[in-house]
Amino acid sequence: MRRTKLLLLIAFICASACSSSPKRGDEVIGSTAIKADSQEAQRRYEAAIALLEAAQWASAEEEF
C-alpha cells in the first residue's frame, strides 16, 4: 500500500513537471524585448526573429 502511494506520488510529480515546461522555441521567439545598442544591430536581430517565426531555420541561423 505504501509503495503504491509513493509510486503514484512520483508519477504525479513527473507529470506536473513535464506539463509546465515551455515548448521548444517559445523562449527565443517570445523574448523580442531585447534591445541592441545600435539601430542596425536591432534591425538584424528583428529580421532573424522573423525568420525563426517563418520556420526558415538555416537563414535565421546565418542572420544570428
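Trainee: Where does alanine 55 lie?
Mentor: This is a predicted model, in which local features need pLDDT of at least 70, side-chain atom pairs count only at pLDDT 80 or more, and totals for chains, interfaces and linings use all residues. Residues are numbered from 1 along each chain as its sequence is written, and side-chain values use heavy atoms, with hydrogens and water left out. Helices are DSSP runs of H or I with at least four residues, strands are E runs of at least two, and both are numbered from the N terminus. On that basis, alanine 55 lies in the loop between H3 and H4.

Trainee: Is alanine 55 buried, partly exposed or exposed?
Mentor: Buried means under 20% relative accessible area, exposed means over 50%, and partly exposed is in between (1.4 Å probe, protein chains only). Alanine 55 has a relative accessible area of 43%, so the residue is partly exposed.

Trainee: Which helix has the lowest confidence?
Mentor: Confidence here is pLDDT, the predictor's score for each residue from 0 to 100. The protein chain averages 76, and 61% of the residues score at least 70. The highest mean is 91, in H3, and the lowest is 58, in residues 26-30, helix H2.

Trainee: How many residues apart in the chain are tyrosine 45 and phenylalanine 64?
Mentor: Tyrosine 45 is buried at 16% relative accessible area, whereas phenylalanine 64 is exposed at 53%. Tyrosine 45 sits in helix H3 (residues 39-53) and phenylalanine 64 in the segment after helix H4 (57-63), so the pair links distant parts of the chain, and the separation is 19 residues.

Trainee: Which residues outside its sequence neighbourhood does leucine 51 contact?
Mentor: Leucine 51 is in helix H3. Contact means heavy atoms within 4.5 Å. Leaving aside neighbours within four places in sequence, the partners of leucine 51 are Gln56, Ser59, Ala60 and Glu63.

Trainee: How far apart are the closest N and O atoms of arginine 43 and glutamate 40?
Mentor: A salt bridge is a side-chain nitrogen of Lys or Arg within 4 Å of a carboxyl oxygen of Asp or Glu, and the count comes to two. Arginine 43 and glutamate 40 are three residues apart in helix H3, about one helical turn. They form a salt bridge whose closest N and O atoms are separated by 2.8 Å.

Trainee: Which residue forms a salt bridge with arginine 44?
Mentor: The closest N and O atoms of this bridge are 3.1 Å apart. Arginine 44 is in helix H3 and its partner in helix H4, so the pair ties together parts 19 residues apart in sequence.

Conventions
Rings of Phe, Tyr and Trp (its six-membered ring) pair if their centres lie within 6.5 Å; planes under 30 degrees apart count as stacked, over 60 as edge-to-face and the rest as tilted.
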